[in-house]
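Visitor: I would like to learn how to read a structure like this one. Please start with the salt bridges and go on from there.

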Amino acid sequence: MSGVQRPITLLVAALGGEGGGVLTDWITGAARRAGFPVQATSIPGVAQRTGATTYYIEVWPEVTQQRPVMCLNPGLGQVDVMIASEFVEAGRAMQNGYVTPDRTLLIASTHRIFAVAEKSGMGDGRFDTGRLFRAAKESARRAVLFDMDAAAKESGSILNAVLLGALAGSGALPLAADLFEAGIRAEGKAVESNLAGFRFGLAHARGEIAAAAARAEIAPEPIPLLDLAQRVDALPEAAQSHAASGVKRLLDYQDAAYATLYLDRLEAVARIDAEGRLAAEVARHLALRMSVEDVVRVAQLKLKPERFQAIERETRIQAGQPYEVADFLKPGIEELAGLLPPSLAQPILRLAETRGWRWHWAMTLPSNRLGGYLRFRLLAALKPWRRRSHRYTEEQAQIEDWLGLIRRAAAQDIALALEIAECARLIKGYGDTYKRGLENYQRIRAHLILPALEGRLAIAQAADAVLQARVAALRDPEGEALSRTLSAFTALQEARHAAE
């Protein structure tokens, strides 16, 4: 029948709404235009983040008079091209055995759509994408990996058009690029933007984008104020990148005086750590702790021009086309009282705690309409007042206490100081999330950190104990895992004292 012994097999994994079916139609359509026998089947996923919809395609890369027999489902170790619209979906394919080093070309977008479990973790609950990059290198014969979602947004296209271009540029199918372009034109929807996304993916897979980037001279973004930039350059090298980002963040958050305070605090840590490891960790966490997302900060972020530009790109709004952005806010009594001076906020919060008040003020504001914009602008204009607010005063006292513990620990054991710095991961967000995280940190501080610094707990054991307690608190925000960990550690200490 033919000199070809087997078909080229492709497996596509796409999340709901990402156009996996359209991508499959484009691929099969290009094969038919070339006269090749082709077949496609699909299996619906359970949900967007617990099982993508998969499309299996077989292309017989030769014109034949008699239609060959093809399979309906992919076989393990029998996939020539694995296409994933999101990076963890590529990881699922590798884990399931569809990507093999002797056979499979992996084409995947490296952007992430986070699962609920990743977003709801007390700490950084995100899956380690570094593991995925390493797995892709080891598991695939070849990999085409880049952020195709960002490329689609920049070109005003859709993700599946960029994926199609990456497939065409990879050379995995004996099909010319114009056959794929013909399918996009035949569909007749957003033709120019989809062709732009297709051509970007095509150029990237061919290595043209990387070559152009290598030729370009990209200067690092400067810190606006010369004095602050010079102080960053004087820090240990390991801390400079985080410190530069922190300064820019705090200039936007408050002003130059606040960024100066950040560097004052960071320099005090750098003086006691010649290697710079501790300064690097503190630089990262301190910038976040000093830029808590209070009501003023939320208003600042809602009004940023780049936010509206991103919305227009992502929703593909045309120039001059009217649209409305509805922002849903639900500040609670803690957030609103946090704007008041301490003398007023403290009695209000004590009364709320005594009476069990848990009310929230729900509102929906159209931030790109005059009424909503003005209300956000009014809140953002409170930035100069922030230093007089209860939330600011409370946060600064807690930051100074945290830094003081780090400095005291560094004088005895850098490992313990690093673990105390990492405890900043527990304190984030607002409302109940912030409150639970702070309570868990205070328990670790009282049961482990202070006893170690005061000589009631052996320094050699303290760093590991703080690490275990922090991991337990991040795993279970309600604090039950932390309670068990602290209880187990207390029992172990008592047994050791009894044995001595």
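**Salt bridges, sheet and surface**

Guide: The side chains of aspartate 255 and arginine 387 form a salt bridge, with N and O 2.8 Å apart. This pair links distant parts of the chain, 132 residues apart: aspartate 255 is in the loop between helix H11 (237-253) and helix H12 (256-270), and arginine 387 is in the loop between helix H18 (370-380) and H19. Bear in mind that the model is predicted.

Visitor: Are aspartate 255 and arginine 387 buried, partly exposed or exposed?

Guide: The class follows from the relative accessible area: under 20% is buried, over 50% is exposed, and partly exposed lies in between. Aspartate 255 has 26% and is therefore partly exposed. Arginine 387, with 31%, is also partly exposed.

Visitor: Which residue forms a salt bridge with aspartate 294?

Guide: The partner is arginine 386, and the closest N and O atoms are 2.9 Å apart.

Visitor: How many residues separate arginine 92 and glutamate 89?

Guide: They are three residues apart, about one turn of the helix, and both lie in helix H2 (residues 87-95). Arginine 92 is partly exposed at 27% relative accessible area, whereas glutamate 89 is buried at 3%. In total the structure holds 24 salt bridges.

Visitor: How do I read a sheet?

Guide: Strands of a sheet pair through backbone hydrogen bonds, and the pairing is either parallel or antiparallel. Here six strands form an open sheet in the order E2-E3-E1-E4-E5-E6, with mixed pairing. Strand E2 (38-43) and strand E6 (142-146) are the edge strands, each pairing on one side only. On average, neighbouring strands of this sheet are turned by 10° against each other, direction ignored.

Visitor: How many bridges join E1 to E4?

Guide: Four bridges join strand E1 (residues 8-14) to strand E4 (residues 81-84), and the two run parallel. Leucine 11 stands opposite methionine 82 in E4. Helix H1 (residues 20-33) lies across E1, E2, strand E3 (53-59) and E4, and runs at about 5° to E3.

Visitor: What surrounds histidine 390?

Guide: Leaving out residues up to four places away in sequence, histidine 390 touches Ala337, Gly338, Leu340, Pro341, Pro342, Ala345, Gln346 and Leu349. Histidine 390 is in helix H19 (residues 390-410). Its relative accessible area is 8%, under the 20% cut-off, so histidine 390 is buried.

Visitor: Which residues make the nonpolar surface patch?

Guide: Leu351, Trp357, Trp359 and Trp361 make a patch of about 430 Å². Leucine 351 is in helix H17 (residues 342-355) and is partly exposed at 35% relative accessible area.

Visitor: What does the protein chain come to as a whole?

Guide: The secondary structure comprises 23 helices and eight strands. Of the 500 residues in the protein chain, 48% are buried. The chain exposes about 24,700 Å², of which carbon and sulfur atoms supply 55%. Among contacts between residues at least 6 apart in sequence, 73% join residues at least 24 apart.

Technical notes. Residues numbered from 1 in each chain as written. Predicted model: local features only at pLDDT ≥ 70, side-chain atom pairs only at ≥ 80, totals over all residues. Heavy atoms only, no water. Buried < 20%, exposed > 50% of the residue type's maximum accessible area, 1.4 Å probe, protein only. Contact = heavy atoms within 4.5 Å. Pairing = 2+ DSSP bridges. Axes fitted to C-alpha atoms, helices over the stretch in contact; angles between N-to-C directions. Patch = residues over 30% accessible without salt bridge, like charges linked within 9 Å, V, L, I, M, F, W, Y side chains within 5 Å. Areas by Shrake-Rupley, 256 points an atom, 1.4 Å probe, with all protein chains shown as cover. Salt bridge = Lys/Arg side-chain N within 4 Å of Asp/Glu carboxyl O.
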